[in-house]
Amino acid sequence: MTKNPQGRGERTPERRARVQSAEMGMSILKSLSRLGGGASLTTVSADVCESTAKVHRYMASLIQEGLVAQDSATQHYYLGQEALQIGLAALRRCDPIRLGEASLLRLREELQVTCFLAVMGNKGPTVLRMEEPGLSVTVNFRVGAVLPLLWSATGRVFLSYLDDVEVLAQADEELAAADKALRVLLAGKNPIAQLRKDVLAAGCAAIEDVMLRGISAVGAPVFDHTGRICASLTALGTSGGFDPAPGNKIAARVTEEARAISLLLGYSG
């Protein structure tokens with residue numbers, strides 16, 4: 001049997017020890033993150049199911065590398081400057097459109113529907129990425145289109161999850177300019193407030209034959225690491241063959257994929 005002079009692929013005791021040491025260090029860093037960024041030695045030890053003596057030794061090494069720091073007053077450990085720089089580097093890559101590409105492709109292939117991601121622009125919800133199946137639904141908007149707040153599923157998502165004075169004012173303007181056929185689609189003495197309440201309760205916004213005759217759509221919010229909505233994931237199809245009702249298959253999958261994108265952006269709510 002020929003020996004490997006480079007030691008490639010060999011799990012020597014020394015190599016195993018290094019791997020286990022790295023895993024332990026990462027476990028402690030993840031524990032501090034789960035615990036809100038800082039905690040006592042006892043709390044961290046309990047969280048990683050290791051002795052305080054062992055965790056203390058690793059804390060010393062992590063402090064030396066700048067990944068952990070210690071509060072001299074409370075003796076609590078917290079994530080250090082180097083850990084902060086790692087987090088900031090990750091955040092700079094947190095683009096909901098880029099990270100949402102896989103979700104768009106999954107929805108397109110699984111449900112055979114048109115789907116897109118939109119963000120809130122200065123003129124309203126703006127479509128930035130769109131995927132269409134082989135037999136696409138004919139719609140009169142494309143990437144770059146600005147959608148209404150009240151009459152699109154995408155707009156209703158932003159209206160409901162953005163607590164913004166300007167957004168609410170824009171919705172009031174849309175309601176005032178709407179004809180009777182659209183107005184009757186909204187219920188209650190305060191229709192905008194009722195609409196927001198309904199969307200928040202359902203976790204998504206669904207419309208049928210509202211913005212476009214014969215077209216139904218469902219949209220769900222995408223959140224960033226602060227818990228603020230940063231995008232909307234929407235699927236649409238022809239009414240009759242597309243049931244957008246909350247709780248049904250399409251709404252459930254859109255909501256699930258929106259949540260998956262949110263997790264990639266650092267959202268943990």
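**Sheet.** Strands here are DSSP runs of E, at least two residues long, and helices are runs of H or I, at least four, numbered from the N terminus. Two strands pair if DSSP finds at least two bridges between them.

**Model.** I noted that this is a predicted model, where local features need pLDDT of at least 70 and side-chain atom pairs pLDDT 80 or more, while totals for chains, interfaces and linings use all residues. Residues are numbered from 1 along each chain as its sequence is written, and side-chain values use heavy atoms, leaving out hydrogens and water.

**β2 and β3.** I found three bridges joining β2 to β3 (residues 77–79), and the two run antiparallel. Val68 has Leu79 as its bridge partner in β3. Axes are lines fitted to C-alpha atoms, for helices over the stretch in contact, and angles run from 0 to 180 degrees between N-to-C directions.

**α8 and α10.** I then checked α8 (residues 165–177) and α10 (residues 191–202), whose axes come within 10 Å and cross at roughly 120 degrees. Leu168, Ala171, Asp172 and Leu175 of α8 meet Pro191, Ile192 and Arg196 of α10.

Conventions
Contact = heavy atoms within 4.5 Å.
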